[in-house]
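Hello,

Here is the structure I promised to pass on to you. Have a look at it first, and then read on for what turned up.

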Amino acid sequence: MALPSCDRSRTPERGLVFTSRIGTPLGPDNLRRSWHPLRKRLGLEIRFHDLRHSAVSLLLDLGVPPHIVRQIVGHSDIGVTMKVYAHASLDEQRKALRRLGDTLS
């Protein structure tokens, strides 16, 4: 199975990471189907869903507002986004408590 690619000479640049062979947006089912052969070829153990979890966690760690992250991942309720993905790192917890301490002193 060939991996998705894009013939840039036939399609306008759209800033897409994954495209169909003709440069159109790659549908979620096609992206998942393409992931399995790529994962096998590279010897990766991670599931496609693991990439989603990593991306959401990184977006939140970068300070992207949770309501924006919710829109990106398509959750209908921000509570789902925050319950599943918003686990603050120990370093972030220390920073928050340090800021609180600085404010109170």
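Helices (H or I, at least four residues) and strands (E, at least two) are DSSP runs, numbered from the N terminus. By that rule the protein has five helices and zero strands, in the order α-α-α-α-α along the sequence.

A word on the ground rules. This is a predicted model, where local features need pLDDT of at least 70 and side-chain atom pairs count only at pLDDT 80 or more, while totals for chains, interfaces and linings use all residues. Residues are numbered from 1 along each chain as its sequence is written, and side-chain values use heavy atoms, with hydrogens and water left out.

The predictor's confidence in each residue, from 0 to 100, is its pLDDT. The protein averages 79, and 82% of the residues score at least 70.

Of the 105 residues, 16% are buried (under 20% relative accessible area; exposed is over 50% and partly exposed in between, with a 1.4 Å probe and protein chains only). Leu26, in the segment before helix 1, counts as buried because its relative accessible area is 19%. From Leu26 to Leu16 is ten residues in sequence and 8.9 Å in space, C-alpha to C-alpha. Arg33 lies in helix 1 and counts as partly exposed because its relative accessibility is 47%. Arg33 and Phe48 are 15 residues apart in sequence, with 9.8 Å between their C-alpha atoms.

Now for the pocket (on a 1 Å grid over the protein atoms alone, an open set of points where a 1.4 Å probe fits, with protein on both sides within 12 Å along at least five of seven lines; lining residues have an atom within 4 Å of a point). The largest pocket holds about 340 Å³ of space, a volume being the space filled by probe spheres set on the points, which are joined across faces, edges and corners. Phe48 is part of its lining, as are Pro28, Leu31 and Ile72, among others. Which helix gives the largest share of the lining? Helix 2 does, with seven residues. Helix 1 (28-42), helix 2 (48-61) and helix 3 each supply at least two residues.

Enjoy exploring it!
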